[in-house]
Amino acid sequence: MTEKNGIEVEGLVREYKKGPRAVDGIDISVAPGEIYGFLGPNGAGKSTTVHVLTTLLPPTAGTARVGGYDVIKDGPKVRGLIGVALQEAALDPLLTGRDHLRLQATLQGVRKNQRHSRAEELLHRVGLADAADRKVSGYSGGMKRRLDLALALVHSPRILFLDEPTTGLDPQSRTALWEEVALLRREDRVTVFLTTQYLEEADVLADRVGIIDQGKIVAEGTPAELKAEIGRPSVHAIPHREEDRPRIAEFLAQFGEPLASSRDVAVRLRDGLVLTDIVRAVDQNGIDVADLELRAPTLDDVFLAKTGRTLEGAAEEAETEQPAMRPA
Amino acid sequence: MWDVVSGVAWRTLKNALLNPQIAIPTMLFPLFFFTAFAGGLSQLDKVPGFDYEPGYTAFQFVFVLLQSAAFSGVFTGFGLARDFEGGFAKRLLLAAPHRSGIVLGYALAAMCRWLVVAVVLTVVALVAGMNIGGGVVDLIGLYVLAALVNFCGFFWSGGIAMRFRTIQAAPLMQMPVFLVLFFAPVYVPQKLLEGWIEGVASVNPVTYFLATGRGFVAGDAPHVLGAFALAIGLGVAFWTWAFLGLRKAEAAGA
C-alpha cells in the first residue's frame with residue numbers, strides 16, 4: 001500500500017491510436033514529501049505520465065497508485081488529494097483571477113466559509129492580489145503560471161503535479177516559482193511530481209530525478225548519484241585558432257575518452273587525473289589554447305551517457321520525428 | 001456533487017450573461033423570430049381553417065418559446081465544446097471528484113440561461129397583446145414542457161461536444177435541432193399542412209410539443225400525458241447520449 005502521499009507506478013503503458021507508445025512500461029516510486037523531477041526532452045512521455053497519474057487519461061496497461069489510491073478504480077479520491085498545474089495553464093480568458101479561485105474552491109469542495117479567505121491568501125502568496133479582479137485575458141504568461149499554481153493549491157493538496165511549470169517564464173519568475181515549490185515541500189510536506197526539460201530545474205529542486213526518453217525511464221536517482229554514475233569530470237579546451245583543433249583533440253585524447261562537442265574540444269578524464277595534470281602537460285608541450293575548463297558531470301552528461309544524445313538534440317529529433325503525436 | 005454542479009453552472013452563467021458577445025445573440029434571436037413571425041405573418045390567422053382561439057401572437061409565442069429553450073441548450077453545448085477545445089475542460093475534469101456533475105452543471109446553466117430569455121420573451125409577448133386562455137396550471141405545464149425541451153437540446157449538443165471536443169462540431173449540434181423545429185407546424189396548424197411536410201410533421205415529436213404547448217395557452221391542451229412522456233423519454237435518451245459522450249472524452253484524455 002502506498003503511503004498517504006506517495007506515488008507508486010508499475011509497468012505503466014499508454015498507447016495512442018495509430019501512434020507509438022508514449023509511455024512504455026515505466027516504474028516509479030515517489031516517497032511522501034519528496035520532490036521528484038521527471039526530466040526528458042519534448043515528446044519523451046512526461047506529460048502523458050502526468051495525465052495518467054492525475055486521472056486525466058486511462059493507462060493502456062500497468063498500475064498506478066497516488067496517495068494510496070488506484071488511478072483507475074479510485075479516480076474521485078485521487079482527484080480529491082492532488083493539485084495539478086498542467087503544461088498549458090487551462091484558464092478561462094473571460095474570468096478574473098479571483099473568479100478562477102472561487103470556481104476552483106467550489107469544485108474542490110472547500111468549505112463555503114473558507115473560500116474567500118483561502119483565495120485572498122493564495123492571491124497574496126503568488127503576488128496576484130493587485131490583478132485579482134482583472135480578466136485573465138490581460139495576464140502575462142508569468143501571471144497565468146502563478147495563477148495556475150495558486151489554483152492547484154486551493155484545497156491544500158497532499159500531492160502536487162507540476163507539468164513543466166517554468167516553460168516560457170523569465171528567469172525572475174522561474175526563480176520565484178522554484179522558491180515557492182521548495183517552500184511547499186519544506187513547510188507543508190507536500191509531495192511534488194515535477195516534469196521539466198530544464199536540467200538546472202531538476203538539479204536545483206529535485207530530491208530524486210527520473211530521466212525519461214522515448215517512453216522509457218533510462219536513469220533514476222538523486223542528481224548526485226546520477227552524476228556519480230558518470231563519475232569523472234571532463235576537460236574542455238577552446239583552441240586559439242580553429243586549425244589547431246585536431247592537434248588539441250589528439251593531445252587531450254591521452255587523458256581520457258573524447259566527447260562530442262561542436263563548441264570546444266572535450267574529453268572525459270580517466271580516473272585519478274586532475275586539472276593541474278592537464279594544465280602542466282599543455283604547458284610543457286606548448287599547446288596553444290584560449291581557455292581550459294574542468295567541468296563536473298551534469299544531468300545532460302547523464303542523459304548523453306544513457307541515450308547517446310544530448311537533451312537539446314533529443315528534443316529537436318522529437319519535433320521532427322513525431323509530428324502526429326500528441327504533446328507528451 | 002452539488003459543489004461541482006453549482007460551480008460549473010455559476011461559471012457558465014457568468015460568462016453567458018455578463019459578456020455581451022454571448023448574451024446579446026442568445027437574447028436577440030428569439031426576439032427577432034417572435035417579431036418576424038408574430039408580426040410579419042399575423043395575417044395568417046385569417047386563413048380558412050386557422051381556428052386557434054388566442055390568435056396568431058400566442059400561436060407563434062409557443063413556437064418561439066420552445067425554440068429558445070432548445071437553442072439555449074444547444075448554445076450551452078457550444079460553450080462546452082469551446083471549453084474542450086481551449087483546454088478549460090481539463091481543469092474541470094481534474095478538479096471535479098464526480099465528473100457527471102460537470103455535465104449537470106452545464107445543463108443547469110442551460111436551463112437558467114433559457115429562463116432569462118423566457119421571462120423577457122413572455123413580457124414582450126404580453127406587451128404585444130398576446131391572449132392567454134389557460135390558467136396558471138396550464139402555463140406551468142407550458143414552461144415545464146419547454147424546460148424538458150431545453151434539457152433535450154443541451155444533452156444532444158453536449159453529447160456531440162464531448163465526442164468531438166471542438167467548436168467545429170457546432171453545425172452538427174445546431175442543424176438537426178433547427179431541422180426538427182422547422183419541420184413542425186411552425187406557421188399554421190398541422191391540419192393546414194399538405195404534402196411531404198405534413199407527413200414529416202406527423203412523425204416529428206416537436207409537432208406534439210407544439211400542439212400541447214399551444215393548447216396550454218388556449219386552456220385546452222390535447223394529449224398532455226403523451227407529450228410529457230415523449231419529452232421525458234427523449235430527455236432520458238439524450239441524457240444517456242451525453243453521459244456516454246463524457247465517458248468518450250475521459251477515455252481520450254479530454
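Residues are numbered from 1 along each chain as its sequence is written, and chains are lettered from A in the order in which they are written. Local features need pLDDT of at least 70 and side-chain atom pairs count only at pLDDT 80 or more, whereas totals for chains, interfaces and linings use all residues.

The pLDDT is the predictor's confidence in each residue, from 0 to 100. Its mean over chain A is 84, and 92% of the residues of chain A reach 70 or more. In residues 323-328 of chain A the pLDDT falls below 50. Contact between two residues requires C-beta atoms, placed from the backbone, within 7 Å. The stretch 323-328 of chain A has 14 contacts beyond near neighbours in sequence. Where pLDDT is low, the predicted coordinates should not be read in detail.

Chain A holds twelve helices and 14 strands. Helices (H or I, at least four residues) and strands (E, at least two) are DSSP runs, numbered from the N terminus. Along the principal axes, the C-alpha atoms of chain A fill a box of roughly 75 × 45 × 40 Å. Of the contacts in chain A with a separation of 6 or more, 68% join residues 24 or more positions apart. A residue is buried if 20 or more other C-beta atoms lie within 10 Å of its own, exposed if 12 or fewer, and partly exposed in between; C-beta atoms are placed from the backbone. Chain A has 328 residues, and 43% of them are buried.

One open sheet of chain A has four strands in the order β2-β1-β4-β5, paired antiparallel. Pairing requires at least two bridges found by DSSP between two strands. β2 (21-30) and β5 (69-70) of chain A are the edge strands, each pairing on one side only. Two bridges link β4 (residues 61-66) to β5 in chain A, in the antiparallel sense. A:Arg65 stands opposite A:Asp70 of β5(A). Helix α1 (residues 46-53) of chain A lies across β1 (7-15), β2 and β4 of chain A, at about 65° to β2(A). Axes are lines fitted to C-alpha atoms, for helices over the stretch in contact, and angles run from 0 to 180 degrees between N-to-C directions.

Another open sheet of four strands runs β12-β13-β11-β14 in chain A, with antiparallel pairing. β12 (256-259) and β14 (289-295) of chain A each have a single partner strand, so one side of each lacks a neighbour in the sheet. From one strand to the next, the twist averages 25°. β12(A) and β13(A) (residues 265-269) are joined by four bridges. A:Gly256 has A:Leu269 as its bridge partner in β13(A). Helix α10 (residues 275-284) of chain A packs on this sheet, touching β11 (234-239) and β14 of chain A, with its direction at about 165° to that of β14(A).

Between the chains, 21 residues of chain A are in contact with 21 residues of chain B. On the chain A side, α2 (75-81) and α3 (97-107) each supply at least two residues. α3(A) gives the largest share, four residues. This side divides into eleven nonpolar, seven polar and three charged residues. Ala, Val, Leu, Ile, Met, Phe, Trp, Tyr, Cys and Pro count as nonpolar, Asp, Glu, Lys and Arg as charged, and the others, Gly among them, as polar.

A nonpolar core is a set of buried Ala, Val, Leu, Ile, Met, Phe, Trp, Tyr and Cys residues joined through C-beta atoms within 7 Å. The largest has 153 residues, and those with the most contacts inside it include A:Ala150, A:Val192 and B:Ala107. Helix α3 (residues 56-86) of chain B contributes the most, 17 residues.
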